[in-house]
Amino acid sequence: MWADESVFYQIYPLGFCGAPEQNDGLVVPRIAKVAEWIPHILQTGANAIYFSPLFDSDSHGYDTRDYRRLDCRLGTNPDFAKVCRQLHENKIKVVLDGVFNHVGRGFWAFQDVLQNREGSPYKDWFHINFSGNSNYNDGLWYEGWEGHYELVKLNLRNEEVIAHLFDCIRGWVEEFDIDGLRLDVAYMLDRDFLRRLHDFCQGLKPDFFLVGEMLHGDYNQLVNDQMLHSATNYECYKGLYSSFNSMNMFEIGHSLLRQFGPENWTLYKGKHLLNFVDNHDVTRVASILTNPEHLPLIYGILFAMPGIPCIYYGSEWGTEGVKQQGSDANLRPCFDGPIFNDLTQQIAAMAQAHRDSSALCYGDYTSLVLTNRQIIFQRRCDTERVIVAVNADSQPYVAHFDAQSGQGKDLITGQLHDFGGGSTLPPYSVSYWQTER
C-alpha cells in the first residue's frame with residue numbers, strides 16, 4: 001500500500017483558506033491556495049495530503065449539506081479538480097474526509113423530511129420519531145451525533161443511503177481522482193457498512209486507502225482485511241507528549257512495545273497506524289510541550305516509530321494554538337504563507353529519512369534502552385537496520401546497548417557514527433543510525 005511509505009500533510013481547508021465560519025453562500029475560489037503551497041509541502045518531505053471536510057456544509061464542514069458539491073466558500077468542483085491535478089502532477093496523493101456518520105441540518109434530504117414529514121421519501125434515511133420533538137422544536141425527534149443535534153445521524157442500514165454515499169465516492173474518484181478516505185468517527189460507523197465500503201472502494205482503485213478515526217479501544221476491530229487499512233493512533237498521541245512533559249519515556253516506550261513489540265501478543269504488529277502529534281481537534285503540540293527543546297524530539301519519535309506519520313499544517317514551524325471550549329478556531333487558522341525555519345528543516349530531514357528507509361516504513365520494533373529521559377529503539381527489516389536514539393535531557397547521555405559494532409550513518413544529518421565504546425547522545429538530540437541488518 002502506497003500509504004505505508006508516505007508522509008501525510010493534513011489541511012483543514014476552511015480554516016487554511018480563510019473562509020468565513022458560517023456558509024455565506026458566496027462562491028470564492030479559495031481552494032487554489034493549496035496549489036500555492038505545493039513547493040512547501042514537498043519541502044517538508046510530505047507526499048500525501050489529507051483534507052479535512054471541503055464539501056458544501058452549514059459551517060465547519062462536518063455538517064454536510066451536499067456531498068457532491070465543493071463548499072462555495074472554497075470555490076467550485078472544477079477549482080478543486082484543478083488543485084488535485086496539480087497535486088498529482090507533483091506526485092502528491094489526495095485523501096478526503098469521508099463524513100458518513102452524520103450530515104448537517106441543511107442536508108437536502110433532511111430538509112425534505114422537515115418539510116414533508118411522514119410524506120418524505122427520505123424519512124428512513126435518518127433515525128426519526130415523528131411523535132417526539134428536537135432541540136430545534138422541529139415537531140419530530142431525530143438522533144444526533146453524541147448529543148450534537150446540528151449533526152443528524154444517517155441510517156447506514158438503509159440501502160438508498162448506502163447507494164447515495166457510494167455514488168458520491170465514485171464521483172470523487174472520477175472528478176478529482178482521489179486516492180483514499182479518512183473516515184470521520186469511524187468508531188461509530190456500522191460494521192457491515194465498513195465492509196461494503198472496503199469492497200466498493202477497492203473496486204474503484206485497488207490501492208484505495210481507508211483510514212478511520214478511532215479514539216480508544218482495540219484498533220483491530222476496524223483495521224483488518226475486511227474493513228480499514230489504518231486508524232488514528234490516539235494512544236501514542238497521548239503517550240508522546242505526556243512522556244516528554246512528565247520526563248517519563250517509559251509511557252511511550254511501553255505503548256510502542258504493547259502495539260508493535262516482538263512478543264506474540266503484540267496488538268498491531270505489521271499494521272500501519274496513522275501517527276500524529278496534533279491535528280484539527282486537539283491543542284497544537286507547541287502549546288502542549290512544557291519545554292520547547294522537546295519539539296524536534298517528539299517529531300523524532302513520530303517519524304521513526306512504526307506507522308504512517310502525519311504533519312498538521314503550520315505545526316511544522318512550531319505555531320501554537322490552544323483548544324477552547326466551544327470553538328476550534330484557534331486550531332484551524334489561516335496563514336499568509338508557509339514558514340521554513342530550523343524546526344521545519346529538521347522535520348523535513350526526518351520525513352525524508354522515513355520515506356527513504358525500508359526499516360522505518362516496514363521494520364519490526366525492538367526496545368534497546370529505556371530510561372526516564374532517553375529512549376533508544378531499533379527498526380529492522382530484511383535489508384537494513386535503523387537505531388533511533390532520543391535524549392530528552394539537558395545533559396549528554398552515554399548509551400550502552402547490544403549489537404554495537406562498526407559505524408552507522410545518521411539518516412537525518414548524513415554523518416557517520418562510531419558505535420565502539422558506547423554511544424554519546426548530545427543534550428536534546430535525536431539520531432537515526434542506519435546500519436546493515
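**Close-up 1. The largest pocket and its lining.** Strand β10 gives the largest share of the lining of the largest pocket, 3 residues, where helices (H or I, at least four residues) and strands (E, at least two) are DSSP runs numbered from the N terminus. The model is predicted, with local features needing pLDDT of at least 70 and side-chain atom pairs counting only at pLDDT 80 or more, while totals for chains, interfaces and linings use all residues. Residues are numbered from 1 along each chain as its sequence is written, and side-chain values use heavy atoms, with hydrogens and water left out. The largest pocket holds about 990 Å³ of space, a volume being the space filled by probe spheres set on grid points that are joined across faces, edges and corners. On a 1 Å grid over the protein atoms alone, a pocket is an open set of points with protein on both sides within 12 Å along at least five of seven lines, a cavity is a set of points where a 1.4 Å probe fits but cannot get out, and lining residues have an atom within 4 Å of a point. Of the 35 residues that line the largest pocket, His60, Asp281, Ser327, Asp328 and Arg332 lie nearest its centre. The elements that give two or more residues to this lining are α1 (13-16) and β10 (148-153). The lining divides into 13 nonpolar, 11 polar and 11 charged residues, with Ala, Val, Leu, Ile, Met, Phe, Trp, Tyr, Cys and Pro counted as nonpolar, Asp, Glu, Lys and Arg as charged, and the others, Gly among them, as polar.

**Close-up 2. The second largest pocket.** About 300 Å³ of space lies in this pocket, which is lined by 17 residues, with Asp410, Thr413, Gln415, Val430 and Ser431 nearest its centre. Two or more lining residues come from each of α12 (342-356), β21 (416-418), β22 (423-425) and β23 (429-436). By class, the lining of the second largest pocket has 8 nonpolar, 8 polar and 1 charged residues.

Close-up 3. The structure holds 2 cavities of 30 Å³ or more. The largest cavity, with about 100 Å³ of space, is lined by Gln10, Tyr50, Arg182, Glu213, Thr232, Tyr234, Leu274, Phe276, Asp278, Asn279, His280 and Cys310, a set that divides into 5 nonpolar, 4 polar and 3 charged residues. The second largest cavity contains about 50 Å³, and residues lining it include Pro53, Leu54, Phe55, Tyr67, Val99, Phe100 and Trp172. Strands β4 (64-70) and β5 (93-98) each supply at least two residues of the lining of the second largest cavity, and that lining comprises 7 nonpolar, 3 polar and 1 charged residues.

**Close-up 4. Helices α8 and α9.** The axes of helix α8 (residues 234-245) and helix α9 (residues 250-260) come within 8 Å and cross at roughly 155°; axes are lines fitted to C-alpha atoms, for helices over the stretch in contact, and angles run from 0 to 180 degrees between N-to-C directions. The two helices are therefore roughly antiparallel to each other, the term used for angles over 145 degrees. Contact, meaning heavy atoms within 4.5 Å, is made by Glu235, Cys236, Lys238, Gly239, Leu240, Ser242 and Ser243 of α8 and by Glu251, Ile252, Ser255, Leu256, Arg258 and Gln259 of α9. The contact residues divide into 4 nonpolar, 5 polar and 4 charged.

Close-up 5. His40 has its place in helix α3 (residues 38-43) and is buried, with a relative accessible area of 6%, where buried means under 20% (1.4 Å probe, protein chains only). Leaving aside neighbours within four places in sequence, His40 is in contact with Tyr9, Glu316, Trp317, Pro338, Ile339, Phe340 and Thr344.

Methods: Angles under 35 degrees count as roughly parallel, over 145 as roughly antiparallel, 65 to 115 as roughly perpendicular and the rest as oblique. Buried means under 20% relative accessible area, exposed over 50%, partly exposed in between (1.4 Å probe, protein chains only).
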